[in-house]
Amino acid sequence: MRRDNVRTIVILLGLACSLSATLAVRAQAAFTAISNSRHFSASNYCIYPDSVEPAETPVPGGKKPFYISHYGRHGSRYLSNRKGYDIPVAVLSRADSLGKLTATGQEVLQELRLILADSEGRWGDLTGLGKKQQRDIARRMIRHYPEVFEGPVHIDARSTTVPRCILSMGAATQQMVAMNPQLQVTLQASHRNMWYMNYQDQMLRSLVDSPSCKRAYDEFCKPRKRNPRLMGVLFNDTAYVNQHVDQVWLNYYLIKTAMVQQNTKMGERSQLINLFSYEEIHQFWQCENVWWYISCGPAPHSGGVQPYGQRFLLRKIISDADSCLRHKRPGVQLRFGHETVLLPLTCLLGINGYDTQIADLEHLEDSGWWACLVFPMASNIQLVFYRRNPHDKDVLVKVLLNERETRLPLPDDMAPYYRWSDFRQYYLKKLDAYEKQ
């Protein structure tokens with residue numbers, strides 16, 4: 001897709017907001033963030049910002065960084081399976097054989113076939129852009145915290161067993177070694193680590209599948225999922241559409257296909273995004289945002305406990321840090337996984353208020369709970385630790401979300417820096433309280 005077209009569409013999202021005066025100001029601010037971050041309306045198919053150079057708050061007390069603990073999502077990828085392409089191709093191909101497509105519908109069908117051919121055999125694969133994202137993040141990590149990477153320090157890198165995560169790990173560590181050949185790097189991608197790297201709690205998932213959750217989601221999305229205007233653009237026979245086309249799913253898969261192309265080489269060629277108006281893109285984003293809130297966030301509709309699915313990961317991060325802090329040069333721990341882990345971990349930590357419970361889903365957007373700001377491709381959480389020297393017991397930690405400083409629900413007299421003792425006490429107590437229930 002052309003970047004100027006995408007930028008125009010996304011800017012229109014903010015300009016055309018029709019909420020009340022107060023909500024419009026908040027929504028416009030959020031849409032501005034989207035327009036500055038290249039098509040964030042694509043939900044979990046958003047690409048990582050081209051460049052991240054946020055301001056850094058001065059470290060109190062002359063302390064210096066000495067250890068980094070990280071969990072990151074894989075970089076940009078292809079669509080994970082054929083279904084997203086097969087359904088619209090099949091629907092449009094059948095209509096074309098019966099002479100039911102408009103000229104635009106025929107052009108869309110041809111473009112879908114080109115996209116399908118480009119993606120064939122690459123389902124879920126890391127793209128070239130995905131590798132670049134990981135290299136750039138690693139480069140900035142070393143540039144911002146050179147003290148951590150000096151000399152032959154150890155880089156302990158682990159990923160889930162999914163190829164795109166393994167390749168993301170490889171791209172990041174390769175960049176680090178290129179910048180410091182003395183680094184001692186170990187790589188792991190083992191099923192033995194999956195209990196915390198990508199744990200899926202079936203009991204918690206069952207709450208998401210409950211009738212009450214489905215009802216809340218359907219009530220929110222039902223008026224936002226149909227797209228009769230698009231059907232008129234693609235088809236020349238309304239009766240045929242009403243009898244033979246699942247309009248909700250065709251609209252969904254077409255807009256999703258349009259959004260994901262920014263992660264592939266087809267992004268420079270695809271014009272699918274131009275099929276959709278501001279309102280349609282906005283409605284897609286709203287439904288996706290609500291779905292992620294219910295399935296991974298602290299939504300009261302799914303018990304308010306979904307983030308606890310990543311309790312094992314948080315405990316492992318804490319225990320690993322406790323072990324590493326005993327060393328003079330602990331180095332870096334890198335973990336590469338998925339957005340279905342990173343988003344609930346963000347909520348479990350309460351980063352920037354993402355632990356907020358909102359009963360009325362109509363207010364989710366204006367509350368600032370935007371999943372797309374958390375989990376673009378290659379998104380990451382970094383815990384950066386500080387001390388004066390190896391004998392300094394007053395260790396501080398700063399949490400970065402996508403390389404930007406965050407606020408935590410902890411004593412904030414030094415925020416965004418927090419005492420490690422306060423951090424571990426607060427979160428271990430939180431996890432203990434949940435597990436006792």
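## The loop between α15 and β5

N352 is found in the loop between α15 (339–349) and β5 (380–387), with helices (H or I, at least four residues) and strands (E, at least two) taken as DSSP runs numbered from the N terminus. N352 is not a glycine, yet it has a positive phi of about 50°. At 42% relative accessibility, N352 counts as partly exposed; the classes are buried for under 20% relative accessible area, exposed for over 50%, and partly exposed in between, using a 1.4 Å probe and protein chains only.

A378 lies in that loop between α15 and β5 too. Its phi is near 70°, again a positive value in a residue other than glycine. A378 is buried, though, with a relative accessible area of 1%.

One ground rule before going on: this is a predicted model, where local features need pLDDT of at least 70, side-chain atom pairs count only at pLDDT 80 or more, and totals for chains, interfaces and linings use all residues. Residues are numbered from 1 along each chain as its sequence is written, and side-chain values use heavy atoms, with hydrogens and water left out.

## A cis peptide

A415 and P416 are joined by a cis peptide bond, with omega about 10°. P416 sits in the loop between β7 (404–405) and β8 (417–419).

## The largest pocket

The largest pocket holds about 930 Å³ of space. Here a pocket is an open set of points on a 1 Å grid over the protein atoms alone, with protein on both sides within 12 Å along at least five of seven lines; a cavity is a set where a 1.4 Å probe fits but cannot get out, and lining residues have an atom within 4 Å of a point. Points are joined across faces, edges and corners, and a volume is the space filled by probe spheres set on them.

Lining the largest pocket are 37 residues, with W249, Y252, K256, E288 and W291 nearest its centre. Elements giving two or more residues to that lining include α12 (247–260) and α13 (278–296). By class, the lining has 15 nonpolar, 9 polar and 13 charged residues, where Ala, Val, Leu, Ile, Met, Phe, Trp, Tyr, Cys and Pro are nonpolar, Asp, Glu, Lys and Arg charged, and the others, Gly among them, polar.

Searching the whole structure turns up 4 cavities of 30 Å³ or more. The largest cavity has a volume of about 90 Å³, and α8, α13 and α15 each supply at least two residues of its lining. Among the lining residues are Y199, R205, C296 and P344.

The second largest cavity has about 70 Å³ of space.

In α13, 16 of the 19 residues are buried, so the helix is largely enclosed by the rest of the structure.
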